[in-house]
Amino acid sequence: MVAALAAVGLASTAVLAGCSSGDDGASGTDDPAASDDGGNDSENLNEDGGGETCADNPENPLCGSSDTNMQGKSIEFGYSRIGGWPPSSAPEAMWPAFQSYAKETYGYDVSDLAFAEAPFGELFQKIAPTLASGSNEFNLMIVDSQWLGALSEPGWIVKADDVFSLNPELDIEPYSSLVTNTYQVYPDGSGQRWGFPQMPDTQGVFLRKDWLEDPANQAAFKDATGKDLPTTYEEYENILMDDFLEIVDFFNDPSGGVYGTALMYSKEYDFFSCAYYPFAYSTGGEIWNPETNDVYGILNSEVNAAAMEKFVGLQDYQPETFATQGIGDMIDLFTQGRAFSAFQWLAVGAFMHNPEAPEGGVASPDQYLAIPLPKFEGPDGDANIIGAMGGQPWVINSFNDDDQMRVSVDFLKWWYLPETQDVFILDNGGLPWSKEGAANPAYADIPYLKPFLYMLGEGRSQDFWHLPEYSEMLAVQQEAFNGYATGTVSSAAEALDYSAAKQQEILFNAGRTTVAPPEGTAGRTLQ
Amino acid sequence: MSSSSAPSSVASRLEEGIPAPAPPRAKSKKTWWSWGLLVPVLVFFILMNVIPTIWMLGLSFYNYTLTSAGDPQFIGMDNYTQLAGAGPLWLSLGRTFTFMVLAVAIQTVLGAVVGYLFWKSNKVPGRRLALTLLFTPMILTPLSSGLFWRLMLDPVFGVINYFVELVGLEKIDFTTDATLAFPAVLVVDSWMWIPFMALMTLAALGSVPKAELEAAQVDNLSFWQRLVHVIIPAGKFIIILGILLRTIDVFKTMDLVYLMTNGGPGDRTELIAVALYRLAFKSFNLGYSSALAVLLLFIAIALTSIYLFVLNLRSRREAENA
C-alpha cells in the first residue's frame, strides 16, 4: 500500500511542477501581474513606460488615477495589518478622509477599508499563502521590514522604484539612510527599493520622571551612591549602561512589587532578539556578514556571548516572568507603576501612559521621560550605542488589477501629504521618517520624538536580515536565546553557537552561501 | 429442473399469500440509492483527504519553499535523508511519545476512577448535572483552554499563584520554568481529557451484563474478583478503544502547547506537531515539512491499525460466541 501511495505521489509531480508562484501566480487576463518573472509585473509596467513620465502615459496604473480614467467607478479595497500594533490600525481610522479625497480628486468611490490582521508572528502566515495563490485580497500591505526578501523574490510585490520613477513626489528624502535600508531596500546594499515607509521605529527607554524628580528619591540616591540623580533628557542622552543600571538598582524593590526595569525576552517573533541586539551591536558584535551571507564564526563570538550574559543578567531587576515579556508586558508593567523603567519601542510611546492607570501608575505623559538606549563601551573604548530598527513599510500587491493599482498609488500619494501625516502623527501615534517631517515644529511636543530621532541618526541603529529565510533563522535563535534565559540552554556561548550553526545550515541549504555549516549541525540539538 | 420448478414455486407462494421476492429491478434501484447517498461523502473524502494526501506525498520529494522565487525542484528522497539526521525533530518526536504515554496513562487511570465513582453513584441526586459539568473541559476548544490556563498559571496575576502565595509559598513560574513547563502542559491536557476516559469507563461498565454482576454478587465475590473476572472481560474493548483514540489524539497535540508555552521554555515542550507547524507555516519549507508530515502520517496509520485490529478482534470474538 505504501509503495502504491508513493507511486501515486510521484505521479503527482507533473502537477506539482506547475505549482510555483512564478508559473501560475497570475492568470487573470487583465491582471498586470501576469509576467514571466514570477508574477511581478512592475518591471513590465516600467518597460511599458519606457522611461516615460505619467504625463506621457497617464494610463499606466502605477501612475495612479488621472482626472478621467477612474471617474464614476466603485472600487473594493483592502489591506493587511499587524494586530495589536496600533500604528498599523491608523489607516483604517483615517480611511474616510481618503474616501473623500478620492471622490473629490479623481471622481471614484472606494469601499470601506476591508482589512485582515494578525499578530507580528502570524501575519506573514496569513498573507503569504494568499499571495502565493495570486490573490489580490490585500491590495496594500503593512509588513515587517524583515519580510521584504520573502515578498519580493517570488514577485508578490511591486517594485517601489517603478512607482518612484513615475511619481517623483513619492520619493521623499528620508531622515537618514536607516529609513531606506530598513523599509525599502532588498537585497541589502543593492539600492533596489520595494517598500514605502509606513511607521518608522527605533528603541529607547521610558523612565518614571515623577520618581526621578521626587526630592526624597534624590536625597536617598545621593546618600546611597554619592551621586546626583539625573533628571533631564540631556543628562540621559549619553548615559552609560552601567551608570544607568545604578539608577535602576536604586529603584528596584521586588519585595514592594516594584522592579528597576523591564526588557523583552519572549520567544515570540523577534522580541528577545531585538532587545538583545543593542547589547551585541554596541560592544562590537555582529550577527552575520550581509555580503557573503555567512553566520557561523560571526554570531557565535565571545563579544556576543558576553553581551547576552549582560542582557540576561538584567533579570535581577525584573519580575519572575521576565522570560515571557513582550511589548504588551512592557506597557503594562510601566503604566501600572510596577517598573521604574522599560526598554521599549518608541513607536508605542503613545501607549506608555494610561489615563485609567491605578494609583502609582503612569496616567499622563508628564510622568515619564523617554530617552535613547544607554550607551556601552564600544570596541574602540568610546561610548557607543547601536540599537535595533523596528517599524514597517507599506508594500503594493503585484496581483492588483489596474484599478486597484491606481487606488494603491493614489492612497500613497494621499498618505504622504503633509496634512495626512499630521493626522497620522498627532492623532494616531505615528512618527515622522522624512527630513521634512522630522523638522516639523508641530511634532516637537511629542514626548518620545527626541530619543526616536536620536536613535534614527546615522549609525545609531541597524536592521537585521531581510532574506526570505528570515523566519527559519529567527525561529532557531529565538528558541536558543530564550532557552538560555530560562536555563534550558547551559550558556550564552552555547545558545549562540547552536544558532550560528543552524543558521549557516539554513543559508547553505538555500544556496545563499557556499560555506557549509560545521559537521554534525543537522543532528545537533539544544540539549 | 430448477428452471421448471421456479415458476411453480412462485405460484405456490402466491397461493399461500406469501409475497414474491422483489424483482431484480428493485434491487438495482436500491443499489443506486445507496450509491447516491455514498457519492457525496466519497467526493468530499476524495477532495478533502485523498487528493491533499497524495499532493503532500508528491511535495515531500521536492525542494520547495513558498517564499523562494524558484520553482519546486525534484530532489528524490533528500528530504527524508535530511529528516533522518535532524536531531531536534527526533528529540521532539521522542518528547511527543513521552507525553503520549504519560498523558494516556494518567487519563486512563484517573478517568477509570472517576467513571467508576459515577457508575456507583447512580442514585445520588444531581448526578446528571455533575456529569454535564464533568464533560465541560472536553468540549472546550484546546485554544481557549490553553489560553485561560496560561492566564491562571501566570506567576504575576494568575489565580493559582494567588493561592500559592496565600498559603505562604513563593510564586511558581509554571509555564516558563524548565522543569515545570512540561508537567504543566501534561496536567492541563489531562484536565481536558480525563472526562473522556471517564465517559468510556461508564460505557464499558454499562456494557457488563447485569446477570453476570448479579451472579457475582450472589457468589459474594470481592471487588477485585468482580473487577478481574466480570467487569474487565466485558468492558475491556471499550476501554482499549478509548486508550487508542486518546493515543492517536495526543500524538497530534499542537494547539494547547502552542497557546500555553509556545513550545518553550527553549524547546522543552516542543512536541512534534508544533515542530511541524513551525516548519510548514512559519518557515514555509513545504517540501521538507511534507516529508515530516508523511512520516507522522505513517505513525498515525500504525496507531490506527491497532485500533482497527482491536475492533475486528471484538467482532471476531462476538461471532465466535454467537
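Tutor: A salt bridge is a side-chain nitrogen of Lys or Arg within 4 Å of a carboxyl oxygen of Asp or Glu. This is a predicted model, in which local features need pLDDT of at least 70 and side-chain atom pairs count only at pLDDT 80 or more, while totals for chains, interfaces and linings use all residues. Residues are numbered from 1 along each chain as its sequence is written, chains are lettered from A and ligands numbered from 1 in the order in which they are written, and side-chain values use heavy atoms, with hydrogens and water left out.

Student: How many salt bridges does the rule find across the interface of chain B and chain A?

Tutor: The rule finds 2 salt bridges there; in a salt bridge with an N to O distance of 3.8 Å, the side chain of Lys267(A) meets that of Glu270(B).

Student: What area is buried between chain B and chain A?

Tutor: The size of an interface is often given as the accessible area lost when the parts come together. Here the buried area (accessible area, 1.4 Å probe, that two parts lose on being put together, summed over both) is about 3800 Å², and carbon and sulfur atoms give 62% of it. On the side of chain B, Trp55(B), Thr67(B) and Lys282(B) lose the most area to chain A, together 14% of what that side buries. By contact (heavy atoms within 4.5 Å), 47 residues of chain B and 48 residues of chain A take part.
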